[in-house]
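Me: I would like to learn how to read the geometry of a two-chain model. Could we start with how helices pack on one another?

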Number of protein chains: 2
Amino acid sequence: MKLESISFAHRFDSITGSAIREIFKLIAVPGMISFAGGNPSPAALPDEEAAEIAAEQLRSRGKQLLQYGATEGFPPFVESLKDYVTKAVGCEIPAVLPVTGSTQAMDLLCKALIDPGDAILVENPSFLGNLQCMRLYQAKLIPVDSDAEGLLPDALEEAMRTHHPKLLYVIPTFQNPTGRTLSAERRRRIAELANEYGVVVAEDDPYRDLRYDGEALPSIKSFDAEGWVCFLGSFSKIISPGLRVGFIAGDSSIIRKCTMGKQSTDVHTANLNQAIVDQFLRRNLLPEHIRTICAGYRAQRDAMLEELASFPEGTRFYRPDGGLFIWCELPAGLNALNMLQKAVQRSVAYVPGTHFYVDGGHDNTLRLNFSNSTIEQIHTGMAILREVIAEELGA
Amino acid sequence: MKLESISFAHRFDSITGSAIREIFKLIAVPGMISFAGGNPSPAALPDEEAAEIAAEQLRSRGKQLLQYGATEGFPPFVESLKDYVTKAVGCEIPAVLPVTGSTQAMDLLCKALIDPGDAILVENPSFLGNLQCMRLYQAKLIPVDSDAEGLLPDALEEAMRTHHPKLLYVIPTFQNPTGRTLSAERRRRIAELANEYGVVVAEDDPYRDLRYDGEALPSIKSFDAEGWVCFLGSFSKIISPGLRVGFIAGDSSIIRKCTMGKQSTDVHTANLNQAIVDQFLRRNLLPEHIRTICAGYRAQRDAMLEELASFPEGTRFYRPDGGLFIWCELPAGLNALNMLQKAVQRSVAYVPGTHFYVDGGHDNTLRLNFSNSTIEQIHTGMAILREVIAEELGA
């Protein structure tokens, strides 16, 4: 029988995503100024420290690191991670599970909770990687409206009442893609609503430490009375995405289900990778490292904002207090998807905003990343984008 | 609302597995002689080489390794892996995907193929970790009978005709838990049947290189005409399980679906871990390393076989040509599950065979691992087991 007759699982029926994969390949094209992706700056990747730590850890406890580990995590890391999470979240956390990046946290949470057809409430737009993850669990994605302070509580309550969702997925701080931060008052209200309606919240907070202005806000989790909120985090933005270390923290019963799911998914997160992050925590290397990263990213953000100020009239953009992204709306009538080809021909890439919306549309939006370009590249690339937009407007 | 009212996904309805997790906790109890688990010997874990390689790789290409990588794999490793797989499988392979251990290969293959209720044919007994993985995809597991040469072709064809399975899961070499090896003739026949009936084969071959007697056999994949066979492998048994590096190899259309699934599962396998295994391949460290490991494991296997020869009458065991396990049947009427408590009280652990059967039963069987105990521990532990069995027979 020819292999063409193979039938794949129905969970792939609604998955396309090839456009996105094509865009991400652009990042690697030599000479491309990429405002696509969410890559840290090469300067932010601590290669020397990692080399020293990896060698030291493998020499001092290599037999343990190279052996099978527990699904629950490498014990020293579980300990230091608990301290880290407690400080980040601002309250005691019953259980934490190290995972291979916060993408796996989302995958395991869906595995634990979602049957086909279950409703998940999402911000709109939201992180497309995790939207794809939820679609692979055949969830029904229900977009909830936001304003500049994030999710609208009335719209959220209405959606909880109408759709009986299993899960709410929210990125509270420097949201991907909009850069918006959920206000403290709304964080409290979201926790209350989740507790009232019995909805698990996936509070995905990977950009929390990348703050360039203002003060840190309390987590949604810190307002959680009964344990409905799970806090998802990652060391991808503050140490290294290539190491694939993140975590999910929350009530023991939910974390236990995620642990059972992980056992059948990849047995455990690699011990060496957990040990490297553990040493960053134990040696207290993060505060200084984060200060250095933030100083660089702040300057990159400001360079991009400066360029945007002189973009053609009708261009709107949101000034983020942190994170990696600036969200733009082009003058009405422009199409960021069509315009991408022209930008790429002149060696500038970005992600069209339509990909972040549950039902597409919003063709005049786009997401710009500033962390993975030098100040010079930002000035050059933004000048090219301005020209391309001006030409589109003139066409 | 109290968190007790949470409802988890139905995929967990048939999952128990807590007995197994309890057994694996025994391995870590100080003083326990563990014939449970499938851990490599500490002597087989190359900590010094890994320390040197990790430091060298992070110093020479650390920025690349710590950055996001492609879901398709770290390019140098994809290259060296293709060579490795081509040699192992004995034929050209259209596509390989590095994954975090062969457990993830199975998870992704199920994600690509299995809708709830789909039938999967499995050996009986088989590797319980992957049985659990398939159950989490709500597959209908159909056991197929074997004899000393592995799966019975007539039974397999009958099962394909009756159940229209999506997938056949088979461990052809030094099977877990039985230690049996599928004959060359049956490998050919399985490939033919898979091609005739349009069934994807997951040929899971992690023990292939751990051969102590006899000659390597051709892979099932090498007899595959149309691309229905996927070859799953791992570096867990020949380099390190703690690094979590394995692969799935096969036709491009299937590997592409697995890659899409992986993108939403954990984005990519950690680059550092792929680079370490890449260096083991490029520096050609494996042949000598495998020779050393095999010499040790052969002696450990022989010590265990020697002890088994003087076990009470009615004990049957299978002499494996390689791998990590010896499969035992106790005299009729004995119950390995009940006996485990008594053995553990005397500091010896094993896995009751019933856990490896799709529908349980077979209470007088057990699996013994010899790779993670010294020769001395094997003699001591087996003497204790012999006593416990003798007492059970006398009771």
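This is a predicted model: local features need pLDDT of at least 70, side-chain atom pairs count only at pLDDT 80 or more; totals for chains, interfaces and linings use all residues.

Me: Which residues of H4(A) and H8(A) make the contact?

Reply: Two residues are in contact if their C-beta atoms, placed from the backbone, lie within 7 Å. H4(A) contributes Leu108(A), Leu109(A), Lys111(A) and Ala112(A), and H8(A) contributes Ile254(A), Lys257(A), Cys258(A), Gly261(A) and Lys262(A). By class, the contact has 5 nonpolar, 1 polar and 3 charged residues. Ala, Val, Leu, Ile, Met, Phe, Trp, Tyr, Cys and Pro count as nonpolar, Asp, Glu, Lys and Arg as charged, and the others, Gly among them, as polar.

Me: Which strands does H8(A) lie across?

Reply: H8(A) lies across E2, E8 (200–204), E9 (229–234) and E10 of chain A, and runs at about 25° to E2(A).

Me: In what order do the 7 strands of the open sheet come?

Reply: Two strands pair if DSSP finds at least two bridges between them. In chain A the order is E2-E10-E9-E8-E7-E3-E4, with mixed pairing. E2 (95–99) and E4 (140–144) are the edge strands, each pairing on one side only. From one strand to the next, the twist averages 20°. E2(A) and E10(A) (residues 246–250) run antiparallel and are joined by 5 bridges; Pro98(A) has Phe247(A) of E10(A) as its bridge partner. Helix H6(A) (residues 153–163) also packs on the sheet, where H6(A) touches E3 (119–123) and E4 of chain A, at about 155° to the direction of E4(A).

Me: How many residues of chain A are in contact with chain B?

Reply: The contact involves 67 residues of chain A and 67 residues of chain B. Several helices of chain A give two or more residues to it, including H4 (102–113) and H8 (252–263). H2(A) gives the largest share, 11 residues. The chain A side divides into 30 nonpolar, 24 polar and 13 charged residues.

Me: What rotation superposes chain A on chain B?

Reply: Two copies of a chain are related by a rotation about an axis and a shift along it. Here the rotation is 180° with 0.0 Å of shift, and the RMSD is 0.0 Å. That is the relation of a two-fold axis. The superposition is by least squares on the C-alpha atoms of residues with pLDDT of at least 70 in both copies. In chain A, Ala55(A) has the C-alpha nearest the axis, 2.7 Å from it. The copies meet through the same surface, because 99% of the interface residues of chain A are also interface residues in chain B.

Terms used: Residues are numbered from 1 along each chain as its sequence is written. Chains are lettered from A and ligands numbered from 1 in the order in which they are written. Helices (H or I, at least four residues) and strands (E, at least two) are DSSP runs, numbered from the N terminus. Axes are lines fitted to C-alpha atoms, for helices over the stretch in contact, and angles run from 0 to 180 degrees between N-to-C directions.
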